[in-house]
Amino acid sequence: MAIRHPSIASKAAKAAKAARVAKARRHAAEGKNTVVTAPSKSFTDPRDVLLKPVVSEKSYALLDENKYTFIVAPDANKTQIKQAVQAVFSVKVTGVNTLNRQGKRKRTRTGFGQRAGSKRAIVTLAEGDRIDIFGGPTA
């Protein structure tokens, strides 16, 4: 949402902002928590964040560096991914890198289509921690 300069904002927008500020001050005085997470941004179960592990040659090569790759929910952020991995696998996460992969463009008899895109997370674990989702010992 674009923020307008105060001189450009409408009277209704100024009144709404004043009401928000007053409510925040009142809640701060009463000791209430005013931060409310929208339902679309919150995940009730950490397994809703982690959809599945990525099984590929590149992901297996990252296991030597103690990095694990997962396909995650498209609207999950790095903090939610970190908390989900720690909750599900009981390990200490030191870093999370995310990337959005576009779906490949595919040609059919009737024209062109596109596969669904996905969001992936490369999770780095602390020294000594392991996840046994791929089976077998790592080198």
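The following dialogue works through selected features of a predicted model.

Colleague: How many helices and strands does the protein contain, and in what order do the elements run?

Modeller: The protein has 3 helices and 6 strands. Read from the N terminus, the elements follow the pattern α-β-α-β-α-β-β-β-β.

Colleague: What share of the residues counts as buried?

Modeller: Burial is read from relative accessible area, with buried meaning under 20% and exposed meaning over 50%. Of the 139 residues of the protein, 24% count as buried. The accessible surface of the protein comes to about 10600 Å², and carbon and sulfur atoms account for 52% of that surface.

Colleague: Which part of the contacts joins residues at least 24 apart in sequence?

Modeller: The figure refers to contacts in the protein between residues at least 6 apart in sequence, and 58% of these join residues at least 24 apart.

Colleague: Where is Thr-124 placed, and which residues does Thr-124 touch?

Modeller: Thr-124 belongs to strand S6. Leaving aside residues up to four places away in sequence, Thr-124 touches Asn-66, Lys-67, Val-93, Thr-94 and Gly-95. Thr-124 counts as buried because its relative accessibility is 19%, and the cut-off for that class is under 20%.

Colleague: Let us turn to strand pairing. Which strands pair with S2, and in what sense?

Modeller: Pairing is read from the bridges between two strands, where at least two are needed. Strand S1 (residues 50-53) is joined to S2 by 3 bridges, and the two run antiparallel. S2 also pairs with strand S6 (residues 118-125) in the antiparallel sense, over 6 bridges.

Colleague: Is strand S2 mostly covered or mostly open?

Modeller: S2 (residues 67-72) is mostly covered, with 5 of its 6 residues buried.

Colleague: How is the hairpin between S4 and S5 built?

Modeller: A hairpin is read from the two strands and the residues that link them. Here S4 is joined to S5 through 2 residues. Strands S4 (residues 105-108) and S5 (residues 111-114) run antiparallel and are joined by 4 bridges. Within this pairing, Lys-106 stands opposite Gly-113 in S5.

Colleague: Which helix holds Ser-59, and is Ser-59 buried or exposed?

Modeller: Ser-59 is found in helix H2 (residues 57-62). Ser-59 is classed as buried because its relative accessibility is 4%. Beyond residues up to four places away in sequence, Ser-59 touches Val-54, Lys-67 and Thr-69.

Colleague: What is the phi of Asn-66, and where is Asn-66 placed?

Modeller: Asn-66 is not a glycine, yet its phi is positive, at about 65°. Asn-66 is placed in the loop between H2 and S2. With a relative accessible area of 12%, Asn-66 is buried.

Colleague: How does Ser-90 read by phi and by accessibility?

Modeller: Ser-90, a residue other than glycine, has a positive phi near 55°. Ser-90 lies in the loop between helix H3 (78-89) and strand S3 (93-101). Ser-90 counts as exposed because its relative accessibility is 64%, the cut-off being over 50%.

Colleague: Finally, what lines the second largest pocket, and how much space lies in it?

Modeller: A pocket is described by its volume and by the residues of its lining. About 160 Å³ of space lies in the second largest pocket. The lining consists of Arg-101, Gln-102, Gly-103, Lys-104, Arg-115, Ala-116, Gly-117, Ser-118 and Arg-120. By class, the lining has 4 charged, 4 polar and 1 nonpolar residues.

Key:
Residues are numbered from 1 along each chain as its sequence is written. This is a predicted model: local features need pLDDT of at least 70, side-chain atom pairs count only at pLDDT 80 or more; totals for chains, interfaces and linings use all residues. Side-chain values use heavy atoms; hydrogens and water are left out. Buried means under 20% relative accessible area, exposed over 50%, partly exposed in between (1.4 Å probe, protein chains only). Contact means heavy atoms within 4.5 Å. On a 1 Å grid over the protein atoms alone, a cavity is a set of points where a 1.4 Å probe fits but cannot get out, and a pocket is an open set with protein on both sides within 12 Å along at least five of seven lines; lining residues have an atom within 4 Å of a point. Grid points are joined across faces, edges and corners, and a volume is the space filled by probe spheres set on the points. Ala, Val, Leu, Ile, Met, Phe, Trp, Tyr, Cys and Pro count as nonpolar, Asp, Glu, Lys and Arg as charged, and the others, Gly among them, as polar. Accessible areas come from the Shrake-Rupley method with a 1.4 Å probe; for residues, only the protein chains shown count as cover.
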